[in-house]
Amino acid sequence: MDARGLLVLPGFIDTHSHHREPGFTHKEDIGTATRAAAAGGVTTTVGMPNVNPPVTTLEHYEGVLQLYARKALVDFNLHPAPTVVSEVPRLASAGALGFKVFQIVDTKRSYPHMPGLGVTNAGEMLEIFEAVKPTGRPVMVHPHNQELMDRFEQRYWARGEHGPLAYAAAQREYDGLVWNTAIQFLLQLQEAVGTWLHVLHLVTRQSVEMVRRAKAEGRQVTSEVNGFSLFLGDWETIERNGPRALGRWVPPDVKESLWAGIRDGTIDVLGTDHGPHTLEEKLPGWQDMWKAPSAVPQLQDYLSKLLDVGVRGGELNLDQAVRLASYQPARVFGLYPRKGTIEIGADADLVLVDPEAEIEFRDEAALSKCGWTPYHGQTAHGVPIHTLVRGRFVYRNRHLVGEPGWGRMARPTT
Ligand SMILES: [Zn+2]
């Protein structure tokens with residue numbers, strides 16, 4: 001094909017995505033999520049277990065994978081939850097890339113952190129680490145100290161503060177103690193039991209430092225950063241856009257430590273944490289952010305944001321950006337060398353990007369069923385023009401041409 005003027009990159013691999021099917025298909029489904037992925041240059045996307053029924057058993061895992069096989073435009077897998085520990089070995093044998101644990105439970109809402117998935121008990125966490133260790137797969141944890149968060153949020157509510165800024169500030173009390181204490185505990189469990197720990201969405205300076213130390217000691221620890229931390233998250237945007245920008249509040253000095261962590265390899269992968277919710281669900285957050293779901297859609301736009309904010313903004317070179325979004329996710333989750341690289345013998349998962357073209361993000365252009373983007377009105381340089389999955393176009397000349405059912409399960413090869 002004629003690729004003059006375009007960058008040819010290995011397709012992006014998103015190892016942290018919420019596709020909402022089954023159970024929450026009013027806001028997203030496998031078809032719409034993988035359409036957004038194809039348009040965003042994402043050739044493999046991995047779903048999370050907080051669907052209904054939650055993915056905790058082999059039966060549910062295989063059931064959801066069958067839905068993907070029928071509906072997905074791009075390659076896929078799914079991280080089950082290890083909360084039914086007797087199922088863990090079977091799930092690993094069936095091809096799970098990792099096991100997702102939420103340390104958070106929702107206090108005024110029932111989703112996305114639904115009852116039955118949250119693990120806030122240290123003994124239960126220990127048994128999960130013990131169960132996952134022999135599989136050789138990672139425990140991926142959303143770190144959160146629920147007991148501390150309960151206290152912090154009650155203080156805000158007692159003062160009558162319920163809005164987006166209160167929510168953003170409550171989570172970050174004492175410079176992120178809710179996250180830092182959780183990660184410290186997880187790292188201690190990792191050291192004691194020896195299970196591979198993958199820490200999700202780092203959002204504090206201290207957590208980057210803790211992971212950096214653990215890696216320097218040669219321990220099996222990997223970590224993730226999300227789009228909302230790098231491309232959203234500043235106080236002014238939360239003030240202006242409220243629930244549409246949350247996510248998390250990430251102050252400028254913390255953002256700088258995240259970029260530094262990416263550059264020195266402390267942070268391994270960019271996961272989107274693609275979190276589609278409808279605006280009808282999000283916007284009541286202006287009154288009470290605890291009642292509205294957090295998280296924002298990302299799949300379609302994060303490649304452009306990474307090239308614009310990350311590469312054009314001078315935080316990373318192009319190599320580092322591609323490592324973060326494709327090569328490292330493949331390496332960490334055992335998909336390399338089939339994925340995450342352009343070489344003979346690898347899958348021809350490619351995204352061709354026009355680095356000079358400019359995109360204006362608009363809600364109306366969102367392919368996610370939720371129908372909006374947190375970047376509405378913003379622009380970025382770096383636009384996916386074509387996306388190929390295993391040698392076949394799924395997106396061509398900025399038009400979707402992929403078909404449901406083309407996507408295949410991406411199994412660990414190592
Ligand atoms: Zn998530």
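Mentor: We shall discuss the metal site, the cores and the pockets of this predicted model.

Trainee: What makes His16, His18 and Asp273 the protein donors of the zinc ion?

Mentor: A donor is an N, O or S atom within 2.8 Å of the metal. NE2 of His16, NE2 of His18 and OD of Asp273 lie 2.1 to 2.2 Å from the zinc ion, so they meet that cut-off. In sequence, the spacing of these donor residues is H-x1-H-x254-D.

Trainee: Are histidine 16 and histidine 18 buried or exposed?

Mentor: Both histidine 16 and histidine 18 are buried, which means that each has under 20% relative accessible area.

Trainee: Which residues touch the most other members of the largest nonpolar core?

Mentor: They are Tyr61 and Leu306, in a core of 109 residues. Helix H7 (residues 173–193) provides the largest share of this core, seven residues. Another core, of 13 residues, lies apart from it and includes Trp196 and Ala330.

Trainee: What kinds of residue line the second largest pocket?

Mentor: Its lining divides into five nonpolar residues, seven polar and one charged. H7 gives the most to this lining, with three residues. The pocket has a volume of about 200 Å³, whereas about 330 Å³ of space lies in the largest pocket.

Terms used: Residues numbered from 1 in each chain as written. Predicted model: local features only at pLDDT ≥ 70, side-chain atom pairs only at ≥ 80, totals over all residues. Heavy atoms only, no water. Core = buried A, V, L, I, M, F, W, Y, C linked by side-chain atoms within 4.5 Å. Buried < 20%, exposed > 50% of the residue type's maximum accessible area, 1.4 Å probe, protein only. Helix = DSSP H or I, 4+ residues; strand = E, 2+ residues; numbered from the N terminus. Donors = N, O, S within 2.8 Å, 3.2 Å for Na, K, Ca; no water. 1 Å grid on protein atoms, 1.4 Å probe; cavity = no way out; pocket = protein on both sides within 12 Å on 5 of 7 lines; lining within 4 Å. Points joined across faces, edges and corners; volume = space filled by probe spheres on them. Nonpolar A, V, L, I, M, F, W, Y, C, P; charged D, E, K, R; others polar.
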